Amino acid sequence: MNIPFLGNRRQKTGVPDPEGIAELLAECELLRSQADRAGVRLDDSPASLEALDQLVPRWRDNEETSNWLGNDAGLYLGTVIVRTVPGAAWEIRADGQPVVRIASGREFDVVDAGHEWAADGVPELSQLYAEVAEA
């Protein structure tokens, strides 16, 4: 559609800005809010993952909150990995799912892992981080 007063707008082609994607995925508002209320400081460090693992899972009584929190937990896990594991980076799969790819080429579906953590507490976020950092 050509609307003259809007000008000639074209979609930008190429790869999205990796830093912009990383900042967007790092927001995790619900998780950060829950952690703050519990006195846990999320500073994008592996130690903060250990602190999250110690939270009392009060959210499990509410399916919607648990689902949202699981998504945030996965994105936060991915954020910690990307910021602390050399060569790790976010990648958006064709289905729109954000995953973390490490230097070896291995891909981790951190959002799925976050959902498992929110629902069952297993595997622990800190354990998943340790597995990725070793790889």
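**Strands, helices and loops**

In strand 3, the bridge partner of Val100 is Phe108. This is a predicted model, in which local features need pLDDT of at least 70 and side-chain atom pairs count only at pLDDT 80 or more, while totals for chains, interfaces and linings use all residues. Residues are numbered from 1 along each chain as its sequence is written, and side-chain values use heavy atoms, with hydrogens and water left out. Helices (H or I, at least four residues) and strands (E, at least two) are DSSP runs, numbered from the N terminus.

Val100 belongs to the pairing of strand 2 with strand 3 (residues 107-108), which is antiparallel and has 2 bridges. Two strands are taken to pair if DSSP finds at least two bridges between them. Strand 2 (residues 98-101) is also joined to strand 1 (residues 89-92) by 4 bridges, and these two run antiparallel. There, Ala89 has Arg101 of strand 2 as its bridge partner.

Contact here means heavy atoms within 4.5 Å. Axes are lines fitted to C-alpha atoms, for helices over the stretch in contact, and angles run from 0 to 180 degrees between N-to-C directions.

Both hairpins contain a glycine with positive phi. The hairpin of strand 1 and strand 2 has 5 residues between the strands, and in it Gly96 has a positive phi near 90 degrees. The hairpin of strand 2 and strand 3 likewise has 5 residues between the strands, and Gly105 takes a positive phi near 100 degrees.

Next come the helix pairs. Two packed helices are described by the angle between their axes and the distance between the axes. Helix 3 (residues 46-53) and helix 4 (residues 63-84) pack at about 160 degrees, with axes 9 Å apart. That makes helix 3 roughly antiparallel to helix 4; angles under 35 degrees count as roughly parallel, over 145 as roughly antiparallel, 65 to 115 as roughly perpendicular and the rest as oblique. Helix 3 passes helix 4 in a left-handed crossing. A crossing is left-handed if the near helix is turned anticlockwise from the far one by less than a right angle, and right-handed if clockwise. Pro46, Ser48, Leu49 and Leu52 of helix 3 make the contact with Tyr76, Leu77, Val80 and Thr84 of helix 4. By class, this contact of helix 3 with helix 4 has 6 nonpolar, 2 polar and no charged residues. Ala, Val, Leu, Ile, Met, Phe, Trp, Tyr, Cys and Pro count as nonpolar, Asp, Glu, Lys and Arg as charged, and the others, Gly among them, as polar.

Helix 3 also packs with helix 6 (residues 125-134), at an angle of about 150 degrees and with the axes 7 Å apart. In that contact, Pro46, Leu49, Glu50, Leu52 and Asp53 of helix 3 meet Leu125, Ser126 and Tyr129 of helix 6. These residues divide into 5 nonpolar, 1 polar and 2 charged.

Helix 4 and helix 6 pack at about 35 degrees, with axes 11 Å apart, and their crossing is right-handed. The contact is made by Ala73, Leu77, Val80, Ile81 and Thr84 of helix 4 and Leu125, Leu128, Tyr129 and Val132 of helix 6.

Two loops remain. Val122 and Pro123 are joined by a cis peptide bond with omega about -5 degrees, and Pro123 is in the loop between helix 5 (110-120) and helix 6. Cys28 has a positive phi of about 45 degrees although it is not a glycine.
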